[in-house]
Amino acid sequence: MTPEALMRDYEDLSTDAGFQFRFHCRRCDAAYVSRFQPCVQEVGEVLLAPVGELLAEVQHETSEEQIAEGAPEHESALRVAATEASEHFHECPRCGEWVCDECWNSAILQCEKCAPSEADEHEAAVGAAGDPATG
Ligand SMILES: [Zn+2]
Ligand SMILES: [Zn+2]
């Protein structure tokens, strides 16, 4: 299963050295940062054939932009990170949001918004009891 909802809502912490992403709980500020995934460098250098002097101009223009989002490496790294994060979040079957353990009702298997703990609702009626002064 691919947690596509997580893949659409993330912070990109990637650098030149590798990929890293941060995912947020949809109910609170809790965040999960995926493990750093170093860029995969091919062993050996790519031989640059001295064929295209004309192409050099074009390559110079696009070389940096092609590394950004949309690159196959970026997407696969994001997929790995989202899958990793999905182990720390729960997808509510009712509202479809991804929430953290704190916002998850594990007894009902829904988020706290869809299935609030019953205990909270009855708590307000309880009065304060205590000893004002004892010795
Ligand atoms: Zn949360
Ligand atoms: Zn829910």
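Select Cys92 and, setting aside its neighbours within four places in sequence, look for its contacts with Glu97, Val99, Gln110, Cys111 and Cys114, where two residues are in contact if their C-beta atoms, placed from the backbone, lie within 7 Å. This is a predicted model, in which local features need pLDDT of at least 70 and side-chain atom pairs count only at pLDDT 80 or more, whereas totals for chains, interfaces and linings use all residues. Residues are numbered from 1 along each chain as its sequence is written, and chains are lettered from A and ligands numbered from 1 in the order in which they are written.

Stay with Cys92, which lies in the loop between β6 (90-91) and β7 (98-99); helices (H or I, at least four residues) and strands (E, at least two) are DSSP runs, numbered from the N terminus. Cys92 is buried, with 22 other C-beta atoms within 10 Å, given that a residue is called buried if 20 or more other C-beta atoms lie within 10 Å of its own, exposed if 12 or fewer, and partly exposed in between, with C-beta atoms placed from the backbone.

Next, select helix α3, residues 72-86. At 1.5 Å a residue its 15 residues should span 21 Å, and the end C-alpha atoms are 21 Å apart, which agrees; the expected span is 1.5 Å times one less than the number of residues. Colour Ala77, Leu78, Ala81, Ala82 and Ala85, the buried residues of α3. Seen down the axis of α3, these buried residues fall within an arc of 135°, so they line one face of the helix; the arc is that of the directions from the helix axis to the C-beta atoms. To see what covers them, display among others α1 (4-8), β2 (18-19), β3 (21-24), β4 (31-33) and β5 (37-38). Within this setting, Ala81 touches Phe21 and Ser34, not counting residues up to four places away in sequence.

Now turn to β3, where Phe21 and Phe23 form a covered face and Arg22 and His24 an uncovered one. In a regular strand the side chains alternate between the two faces of the sheet. On the β4 side, 3 bridges join β3 to β4, Arg22 stands opposite Val33, and a hairpin of 6 residues connects the two strands.

Finally, which residues have the most contacts inside the largest nonpolar core? They are Phe23, Ala81, Ala85, Phe89 and Val99, in a core of 18 residues; such a core is a set of buried Ala, Val, Leu, Ile, Met, Phe, Trp, Tyr and Cys residues joined through C-beta atoms within 7 Å. The elements giving two or more residues to this core are β3, α3 and β7, and the largest share, 5 residues, comes from α3.

Notes
Pairing = 2+ DSSP bridges.
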